[in-house]
Amino acid sequence: MHERILLINHLRKQFFVKPNLLKRGHLIDAVKDVSMTVYRGDILGIIGESGSGKTTLGEMILKLQAPTAGELIFDGIGMPFRKDVQIVMQQSNEVFDPLSSVEKILRTAIKRHHKLTKSEQDERIEALLSSVGMSPVDKIKKINQFSGGQLQRVCIARALAVEPKLLLLDEPVSALDVSVQGQIINLLMKLHAQQDLTYIIISHDLNVIKHMCNRIAVMKDGEMVELSDKETLFTAPKHAYTKQLIANFTL
């Protein structure tokens, strides 16, 4: 039996929109009554066009947005879970202070969540760099010295520093050159296998979703219109929007 790690139960998010001072404001539904279960070890993809609600859903999973209705239950509790759920973002260069060293970034994360001696922290930093394919000497470098692919490796190392159970990957390779995208995807797949991680991947790129995920949720206009395993989704899609996505993907 699959072990549940996250339950998303009738989640809804409304925003109040007021176009200008002369018009009355109104509520819009960014996410409409979304329910799904994420299982331990899953690589669950959430795909949809811009405005589909996938980013807002991700922000609620991370507790960056409070839901208007519904609930999130993580690992059996409805409490905050900052240590156990981490994010790898699209624009790594916007996450860090460009003048900070990798060592400072990783040490800060480790100290915040783990009681380790200085030497144990040093060992942990080097192990993290090794796990993402970087050299121990990279720890002294500043963020502004790295390429986009290297920055994404630092972002992954920072997320792993607190030993999370679930990683939310928000367009993890879309800002990278095509030649680097494959390297980061392979790294993420290796880490998933080695460290007993669960992934939720938010993307508009069906190629990335197909390559990485075992289950896929399709969102449109704030609704989850389809959720199934990868093979079923690509061979027997049910919703018209999903059929359109796959038809465009295979052109």
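Take "buried" here to mean under 20% relative accessible area. This is a predicted model, and by that cut-off buried residues make up 45% of its 251 residues.

**Whole chain.** Start zoomed out, coloured by secondary structure: you'll find eight helices and nine strands. The radius of gyration is 19 Å, close to the 18 Å from the globule rule for 251 residues, so the chain is as compact as a globular protein of that length. Along the principal axes, the C-alpha atoms fill a box of roughly 55 × 45 × 40 Å.

**Main core.** Next, select Ile156, Leu191, Tyr199, Ile201, Met212 and Ile216, which have the most contacts inside the largest nonpolar core, a set of 49 residues. Now highlight helix 4 (residues 148-160), the top contributor to this core with seven residues. Centre on Ile156 and show what surrounds it: leaving aside neighbours within four places in sequence, Ile156 is in contact with Val88, Val132, Ile184, Leu187, Leu188 and Leu191. Another core, of 23 residues, lies apart from that one; pick out Ile5, Leu11, Ile61 and Val85, which are among its members.

**A loop serine.** Last stop: Ser101, in the loop between strand 5 (85-88) and helix 2 (102-113). Is Ser101 buried or exposed? Its relative accessible area is 14%, so Ser101 counts as buried. Show side chains and look for a polar atom of the Ser101 side chain 3.1 Å from the backbone nitrogen of Lys104. Beyond residues up to four places away in sequence, Ser101 touches Lys139, Ile140, Lys141 and Lys142.

Technical notes: Residues are numbered from 1 along each chain as its sequence is written. This is a predicted model: local features need pLDDT of at least 70, side-chain atom pairs count only at pLDDT 80 or more; totals for chains, interfaces and linings use all residues. Side-chain values use heavy atoms; hydrogens and water are left out. A nonpolar core is a set of buried Ala, Val, Leu, Ile, Met, Phe, Trp, Tyr and Cys residues joined through side-chain atoms within 4.5 Å. Buried means under 20% relative accessible area, exposed over 50%, partly exposed in between (1.4 Å probe, protein chains only). Helices (H or I, at least four residues) and strands (E, at least two) are DSSP runs, numbered from the N terminus. Contact means heavy atoms within 4.5 Å. A polar contact is a pair of N or O atoms within 3.5 Å; within protein, one must be able to donate a hydrogen and the other to accept it, and residues adjacent in sequence count only if both atoms are side-chain atoms. The radius of gyration is taken over C-alpha atoms; the globule rule is 2.2 Å times the number of residues to the power 0.38.
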